[in-house]
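These are my notebook entries on a structure I looked up. They follow the order in which I consulted it.

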Amino acid sequence: MTDTAAVGARPPGLLPGRFGLAIACTAGIAVVAALVSLGVGPVGIAPDRVLAMLFGGVQGDTATDLRDAVILFDIRLPRTALAALVGSATAVAGAVMQGLLRNPLGDPGVIGVSAGAALAAALWIVFGASLAATLGGWAELGLPLSAFLGGLAMTGILQLVATRDGHTSVVTVLLAGIALTGFTGAMTGLLVFVSSDQQLRDFTFWMLGSLGGATWDKVMLVLPFAAALVLGAPALARGLDTLALGEADAAYAGIAVERTKRLAVLAVAVGVGGAVAVSGVIAFFGLTVPHLVRLSLGPSHRLLLPVSALAGAALLTVADVFARTVAAPAELPLGIVTSAVGAPMMLWLLMRRLRITG
Amino acid sequence: MYVAEDISRRAGGKTILDGVSLALPPGTVTVLVGPNGAGKSTLLRIMAGGLPPSRGRVLLHGRDLAAWRPAELAGIRSVLSQSTGLAFGFRVEDVVRMGLPRHGVAEPPAALVAWGLEVVGLADAAGRDCTTLSGGEQQRVHLARVLVQLKATPADGRARYLFLDEPTTGLDLAHQLLLLDIARRHARAGGGVLAVLHDLNLAAQVADTIVALDGGRVVAEGTPEAVITDRLLTQVYGVDLRVNQASARVFVLPVAG
């Protein structure tokens with residue numbers, strides 16, 4: 001046979017060479033980004049000292065050594081871990097959403113899913129306290145679970161509004177998303193306005209996103225959500241790939257379309273809910289990362305989902321370093337940084353698609 | 001055996017199909033013809049399991065189509081749609097690979113994909129971005145995909161069915177003939193074919209049985225010679241044309257050679 005056979009000789013789904021290389025490269029970038037994030041700030045810590053402390057505990061016993069250790073373990077490490085987890089969850093949720101909508105413009109932050117999660121989280125903070133007593137040990141999970149349910153409800157509403165005869169209209173999703181984002185944003189604003197709750201004072205936290213005030217508690221809060229999404233999403237890869245043909249043809253090809261769609265909606269809500277509960281709405285990030293991965297590795301979800309997880313961790317860590325150093329000692333809301341990069345990218349994508357389709 | 005029993009479909013207050021029954025015997029090519037809006041594609045979609053009938057049922061090997069799992073059904077019935085979009089720039093061979101089942105592939109996947117592309121004459125395009133191909137070429141990629149889908153499941157003695165919804169749209173003459181040849185070969189090998197065709201000449205060339213639909217009802221059914229008549233052309237299509245006969249096949253003007 002011709003070289004067709006040679007090209008096709010890789011087993012499906014494994015692609016050992018390309019898959020391994022892509023994972024290793026992005027993982028390497030993520031590690032470097034983490035080292036930068038751990039070292040950079042009002043007090044600089046050299047990478048070798050960061051590594052020495054990470055693997056050997058406090059180095060030396062001077063006041064400076066102790067201060068560096070506190071900064072590293074109590075401030076920068078939780079913040080970096082939070083950036084990585086939120087970045088992974090947001091990027092994978094974006095990739096899944098785009099596969100579900102069969103459109104690279106799907107982003108939970110743009111179409112109102114994140115805003116719905118933020119509203120639900122704000123509702124929990126204002127009214128959940130009375131429930132918390134009855135929930136006992138589960139009270140801790142109230143915030144992320146509310147955000148998850150808010151994201152789930154919003155994705156469900158979008159699907160319902162935009163699906164006719166098994167066909168999801170992307171234009172309707174985007175337009176409905178605008179309406180829902182405006183509505184939920186207004187409601188969140190109203191809550192913040194009438195609330196005296198300390199945690200809700202900062203409206204910008206919910207609507208523009210921030211990793212400020214990162215604690216190990218927050219890390220532990222988002223960890224199960226991010227882990228469930230990142231580890232579970234690859235099971236959807238084949239279904240999402242085949243959905244690119246359209247729902248009817250995916251079903252003819254043997255995909256359980258309704259089940260795939262339900263699981264994808266659930267996955268998006270898990271990722272967005274977990275991320276929004278600890279960081280607010282970080283817009284356009286879920287659009288940018290999968291798009292960059294697709295540009296370099298192609299659209300196959302087998303690669304796209306795991307690589308987006310790693311690239312999302314790396315890029316949000318970098319974006320956060322930028323957000324907290326560029327205007328130091330003040331801190332930019334992280335969502336401003338991601339939007340400044342992501343919004344032009346969305347415009348560029350729109351223009352490119354218009355050129356293709358005329 | 002693939003049987004539709006008394007199928008009706010209503011949508012938006014309009015009757016699209018009205019009590020249609022149809023059997024697809026293995027080893028034959030059945031072609032649906034009829035004017036626009038006759039219900040041809042709707043019947044094909046209902047028989048393929050892509051659309052539920054409002055009344056009636058479709059039986060495949062004696063079991064109601066609704067009771068089949070999608071993956072199981074995909075192993076013995078594949079569908080080439082009128083136009084299949086592609087949301088992202090997958091490579092040609094990745095698109096063909098979408099026809100493979102998750103488990104239990106009969107032959108090495110790479111060999112199956114290469115075979116499919118060979119059959120449709122696109123062996124050289126395996127690594128290309130599918131969305132950069134012409135409409136006709138993309139249609140051939142999807143043809144390769146649905147052929148691979150049927151070949152991928154290990155033979156179990158049950159007939160495989162190929163559904164083609166206006167498959168010649170966008171294809172040049174040579175590839176229209178290639179497609180008809182593929183359909184005929186599939187039937188000769190013991191499979192069943194159901195195709196919607198607009199071109200009565202192509203239909204007469206490829207069909208064992210032609211079923212003419214009009215207004216959601218079967219108005220004629222039988223061999224090409226029995227169905228494609230002057231009466232069909234005037235009463236169903238409303239055109240004043242004569243049917244001609246050449247080398248044991250009927251044809252409608254104009255025809256070359």
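Predicted model: local features only at pLDDT ≥ 70, side-chain atom pairs only at ≥ 80, totals over all residues.

**Entry 1: the domain interface in chain B**

I looked up the area that domain 1 of chain B and domain 2 of chain B bury between them: about 810 Å², 58% of it on carbon and sulfur atoms. Buried area here is the accessible area (1.4 Å probe) that two parts lose on being put together, summed over both.

Residues are numbered from 1 along each chain as its sequence is written, chains are lettered from A and ligands numbered from 1 in the order in which they are written, and side-chain values use heavy atoms, with hydrogens and water left out.

I then checked the bounds, which come from an automatic or database domain assignment: domain 1 of chain B covers 20-47 + 164-175 + 183-257, and domain 2 covers 72-157. The contact (heavy atoms within 4.5 Å) takes 11 residues from domain 1 of chain B and 10 residues from domain 2 of chain B.

I searched this interface for salt bridges (a side-chain nitrogen of Lys or Arg within 4 Å of a carboxyl oxygen of Asp or Glu) and the rule found zero. Helix H1 (40-48), strand S7 (161-165) and helix H6 (173-188) of chain B each supply at least two residues of the side of domain 1 that touches domain 2. Helices (H or I, at least four residues) and strands (E, at least two) are DSSP runs, numbered from the N terminus.

**Entry 2: positive phi in chain B**

Most residues other than glycine have a negative phi. I found that B:Glu166, not a glycine, has a positive phi of about 45°. B:Glu166 sits in the loop between S7 and H6 of chain B. B:Glu166 is buried, because its relative accessible area is 16% (buried means under 20%, exposed over 50%, partly exposed in between; 1.4 Å probe, protein chains only).

B:Asp6 is not a glycine either, and its phi is positive at about 50°. I placed B:Asp6 in strand S1 (residues 2-11) of chain B. B:Asp6 has 35% relative accessibility and therefore counts as partly exposed.

**Entry 3: A:Leu191**

I located A:Leu191 in helix H7 (residues 170-194) of chain A. A:Leu191 counts as buried because its relative accessibility is 9%. Leaving aside neighbours within four places in sequence, A:Leu191 is in contact with A:Leu119, A:Ala122, A:Leu123, A:Val126 and A:Phe127.
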